[in-house]
Amino acid sequence: MAGSRSSSPNSISGWSLKENKMFEEALAYYGEGTPNLWDKVSSAMGGSKSAEEVRLHYEDLVDDVKMIESGRVPYPKYKTQGFWT
């Protein structure tokens, strides 16, 4: 998630693994059509991220998925030598 807007120093993206897991679980629980979704997800995360940070994180993830699906994200070049050849 290059360019993540969060300011938390816990990871490169600004979101810890725990925060990402809480985000995913809350989003799955409430669903995309829920009124005041970002407030509810933020609250479910214990307030560690604001509703705005949650919304921006979601938008970043949607953008990432679009990039992957459009083929604009290159696949990594794995070594072809070694144990598995």
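Visitor: Which side chain meets Lys 49 in a salt bridge, and at what N to O distance?
Guide: Glu 19 does, at 3.9 Å, N to O. A salt bridge here is a side-chain nitrogen of Lys or Arg within 4 Å of a carboxyl oxygen of Asp or Glu. This is a predicted model, where local features need pLDDT of at least 70 and side-chain atom pairs count only at pLDDT 80 or more, while totals for chains, interfaces and linings use all residues. Residues are numbered from 1 along each chain as its sequence is written, and side-chain values use heavy atoms, with hydrogens and water left out.

Visitor: Where do Lys 49 and Glu 19 sit in the chain?
Guide: Lys 49 is in the loop between helix H2 (37–44) and helix H3 (51–69), and Glu 19 is in helix H1 (residues 17–30). The pair is 30 residues apart and links distant parts of the chain. Helices (H or I, at least four residues) and strands (E, at least two) are DSSP runs, numbered from the N terminus.

Visitor: Are Lys 49 and Glu 19 buried or exposed?
Guide: Both are buried. Buried means under 20% relative accessible area, exposed over 50%, and partly exposed in between (1.4 Å probe, protein chains only).

Visitor: How many salt bridges does a search of the whole structure find?
Guide: Three.

Visitor: OK, what does Arg 55 do with Glu 52?
Guide: Their side chains meet in a salt bridge at 2.5 Å, N to O. The two residues are separated by about one helical turn, because they are three residues apart in helix H3.

Visitor: And which residue forms a salt bridge with Arg 55 at 2.4 Å?
Guide: That is Glu 59, with 2.4 Å between the closest N and O atoms. Glu 59 and Arg 55 both lie in helix H3, four residues apart, or about one turn of the helix. Through shared partners, the salt bridges join Glu 52, Arg 55 and Glu 59 into one network.

Visitor: Why does Glu 52 count as partly exposed?
Guide: Because its relative accessibility is 41%. Glu 59 is also partly exposed, at 32%, and Arg 55 is partly exposed with a relative accessible area of 23%.

Visitor: How far apart are the C-alpha atoms of Gly 14 and His 57?
Guide: They are separated by 9.7 Å, with the two residues 43 apart along the chain.
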